[in-house]
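Here is a short briefing on the fold of one protein chain. It goes through strands, helices and side-chain contacts in turn.

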Amino acid sequence: MRYVVMIFSSTTPALDAVRAELTASGELVASEGLMPPTDGRIVQIRNGTQVVTAGPLIEKSLAGFLLIDVPDEARAQAVAAQVSTAVGDRVELRGTLISA
């Protein structure tokens, strides 16, 4: 089953160690940090016209993510706990629609 662990704070050396462990176990599918929210843009179509607005428009933005492929939700929660410890902040865990 695939899950996304969403990170809301900066990466740390401890997070690099978690990524290395997940890579070695074959559970890490993808991992990426994101540019700061100030570099983001909101893109939408209004009345047939593309409108681009400078971001961010949310209070707590996504700093990065890990896409993992694990056997079950218990393992996904264990990985999320490791990531939370590594970054010293909460993370959000969601299953993906492809594996649902």
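How many bridges join β1 to strand β5 (residues 64-69)? Six bridges do, and β1 and β5 run antiparallel. Two strands pair if DSSP finds at least two bridges between them.

This is a predicted model, where local features need pLDDT of at least 70, side-chain atom pairs count only at pLDDT 80 or more, and totals for chains, interfaces and linings use all residues. Residues are numbered from 1 along each chain as its sequence is written, and side-chain values use heavy atoms, with hydrogens and water left out.

**Overall layout**

- The protein chain has two helices and six strands. Helices (H or I, at least four residues) and strands (E, at least two) are DSSP runs, numbered from the N terminus.
- Along the sequence the pattern reads β-α-β-β-β-β-α-β.
- The C-alpha atoms fill a box of roughly 45 × 30 × 20 Å, taken along the principal axes.

**The four-stranded sheet**

- Four strands form an open sheet in the order β2-β5-β1-β6, with antiparallel pairing.
- Its edge strands are β2 (28-33) and β6 (91-95), and each pairs on one side only.
- Neighbouring strands are turned by 15 degrees against each other on average, direction ignored. Axes are lines fitted to C-alpha atoms, for helices over the stretch in contact, and angles run from 0 to 180 degrees between N-to-C directions.
- β2 and β5 are joined by five bridges and run antiparallel. Here S31 has L66 in β5 as its bridge partner.
- Strand β1 (residues 2-7) is joined to β6 by five bridges, again antiparallel. V5 has L93 in β6 as its bridge partner.
- Strands of a sheet pair through backbone hydrogen bonds, either parallel or antiparallel.

**The hairpin**

- Strand β3 (residues 41-46) and strand β4 (residues 49-54) pair in the antiparallel sense over six bridges.
- V43 has V52 in β4 as its bridge partner.
- Two residues lie between β3 and β4 in this hairpin. In the turn, N47 has a positive phi of about 50 degrees.

**Helix packing**

- Helix α1 (residues 13-25) and helix α2 (residues 73-87) pack at an angle of about 155 degrees, with axes 7 Å apart. That makes α1 roughly antiparallel to α2. The cut-offs are under 35 degrees for roughly parallel, over 145 for roughly antiparallel, 65 to 115 for roughly perpendicular, and oblique for the rest.
- A14, L15, V18, E21 and L22 in α1 meet R75, V79, Q82, V83, A86 and V87 in α2. Contact means heavy atoms within 4.5 Å.
- The residues of this contact divide into eight nonpolar, one polar and two charged. Ala, Val, Leu, Ile, Met, Phe, Trp, Tyr, Cys and Pro count as nonpolar, Asp, Glu, Lys and Arg as charged, and the others, Gly among them, as polar.

**Charge over a ring**

- The charged end of R90 sits over the ring of F8, 4.6 Å from the ring centre. The rule asks for NZ of Lys or CZ of Arg within 6 Å of the ring centre and within 35 degrees of the ring normal.
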